[in-house]
Amino acid sequence: MDSSSGRRLQTTETSLAIIDAVNELGEARMSELADRLDLSTSTIHVHLKTLLDQEYLVKRGEQYRLGLKLFHLGEGARTRNEWYEVARRKTHELADSCGEEVTFAVEEYGRAITLFNVVANVPSKGFQVGRYYYLHNSAVGKAILAALPETRVNEILDRWGLPTETEYTITDREALMEDIDRTKERGYSVNDQEAVEGLRSVGVPVTAPHGGVLGALDISGPLYRLPPNEELASMLQDVVEGLESEIGVQ
């Protein structure tokens, strides 16, 4: 988890807030950013000039967009670990064998972020790659929560809460803790329309080489097409066992 204590630079926070705002808007004018961040256009101008000079943003006419340098940095962050290639290969193999969508995600700062997303028979890198998920209503998220200490779980819930995304989303902390206990007992998590109506997913946590949770793997698809949860969990557990063996989990 991140720490809110210690000395922080407001100028750095402002520059990062501008990058986040441009990302959320897709593209933005200087005046839009000033209004959104409640800052003067002169302040925004200085930060934009710096971000342009450092190639984190690009400018087309009066619109600012994210620069591809951020893509390069993001790809570097994604590939920094020794288990990267094994997890990528196992995700693809599982998608091919189960014929559904498979996601591998890790937890960072209390949310899950997708590193690999493979849809069976679709030749792409996955449209969900890089997407953040709340942990309380995704299969990968609940699998990760079940593998974390309770103190860490409470820290995450205190920060992010339990936002409602569908009528099936668990929004009561006690109910979520009971769901996490069930996940621990059976060895897999279930997301039953809690993030997207009509979609179900099953997830299994992946142990890191030196203990703790590395991330989680899940299979998802339409309710009418997916086999029973136990069958999905069995496929996931076989793949996770192989993944953990290859990355040296004892």
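R182 is partly exposed, because its relative accessibility is 39%; the label partly exposed covers values between the limits for buried (under 20% relative accessible area) and exposed (over 50%), computed with a 1.4 Å probe on protein chains only. The structure is a predicted model, in which local features need pLDDT of at least 70 and side-chain atom pairs count only at pLDDT 80 or more, whereas totals for chains, interfaces and linings use all residues. Residues are numbered from 1 along each chain as its sequence is written, and side-chain values use heavy atoms, with hydrogens and water left out.

The partner of R182 is D179: the two form a salt bridge in which the closest N and O atoms are 3.4 Å apart. A salt bridge is here a side-chain nitrogen of Lys or Arg within 4 Å of a carboxyl oxygen of Asp or Glu. Side chains of opposite charge can pair when their charged atoms come close. Both D179 and R182 belong to helix α8, where they stand 3 residues apart, about one turn of the helix. Helices (H or I, at least four residues) and strands (E, at least two) are DSSP runs, numbered from the N terminus.

D179 also meets K142 in a salt bridge, at 3.3 Å from N to O. Because D179 lies in helix α8 (residues 173–186) and K142 in helix α6 (residues 139–147), this pair ties together parts that are 37 residues apart in sequence. D179 is buried, since its relative accessible area is 7%, and K142 counts as buried because its relative accessibility is 0%.

Another salt bridge joins E24 and R36, whose closest N and O atoms are 2.5 Å apart. This pair links distant parts of the chain, with E24 in helix α1 (residues 10–25) and R36, 12 residues away, in helix α2 (residues 30–37). E24 counts as exposed because its relative accessibility is 55%, while R36, with a relative accessible area of 44%, is partly exposed. By the distance rule, the count comes to 14 salt bridges.

Where does Y188 lie? Y188 is found in the loop between α8 and β6 (189–192). With a relative accessible area of 9%, Y188 is buried. Its contacts (heavy atoms within 4.5 Å), leaving aside neighbours within four places in sequence, are T183, V202, G203, V204, N229, E230, A233 and Q237. For Y188 and V204, the C-alpha atoms are 4.9 Å apart in space, although the residues are 16 apart in sequence.
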